[in-house]
Amino acid sequence: MKKIAIVLFAGLIATGCTNQSADPCATFDTVDREMLNLIDQIKSKHSDNKKFLSNFNMEQVYWIQYRDHHLKSLYPNDWDRHYRKEYGKEVFNPCKCSEMTRFTEQRIEELKLWQFFS
């Protein structure tokens, strides 16, 4: 039963990753740079507010931990081993990059709120 669930989950993820750019990992790199630039702008704008910067930095740390735990739930090591054996390594990484891109784009939208606060 567990193997059937793993295969079904792998199939769902694989079909969900078929509509993507030519290089999802390069897309993630671009989106990640955009997010980091936005974070730098926010920190610069609030550079005189130490308490805000401390809280903002911790929020980003917690967001990264949340993102990483989310990815581990989608791509646990054991599932990774079965998936690669079944579908080949080249299918796995683009799917993971696509999910990281999706998460980062959502984070950018959240961070844009801080541009409006003084």
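Here are a few questions and answers about aromatic pairs in this predicted model.

Residues are numbered from 1 along each chain as its sequence is written. In this predicted model, local features need pLDDT of at least 70 and side-chain atom pairs count only at pLDDT 80 or more, while totals for chains, interfaces and linings use all residues, and side-chain values use heavy atoms, without hydrogens and water.

Reader: Are the rings of F52 and W114 stacked or edge-to-face?
Author: Planes under 30 degrees apart count as stacked, over 60 as edge-to-face and the rest as tilted. The centres of F52 and W114 are 5.2 Å apart and their planes stand at 65°, so the pair is edge-to-face.

Reader: Is F52 buried or exposed?
Author: Buried means under 20% relative accessible area, exposed over 50%, and partly exposed in between (1.4 Å probe, protein chains only). F52 has a relative accessible area of 14%, so F52 is buried.

Reader: Is W114 buried or partly exposed?
Author: Let's take its partner in the pair. The relative accessibility of W114 is 25%, so W114 counts as partly exposed.

Reader: Which residue do ring pairs link with F52 and W114 into a cluster?
Author: F52 and W114 make an edge-to-face pair. In the cluster linked by ring pairs, F52 and W114 are joined by F56.

Terms used:
Rings of Phe, Tyr and Trp (its six-membered ring) pair if their centres lie within 6.5 Å; planes under 30 degrees apart count as stacked, over 60 as edge-to-face and the rest as tilted.
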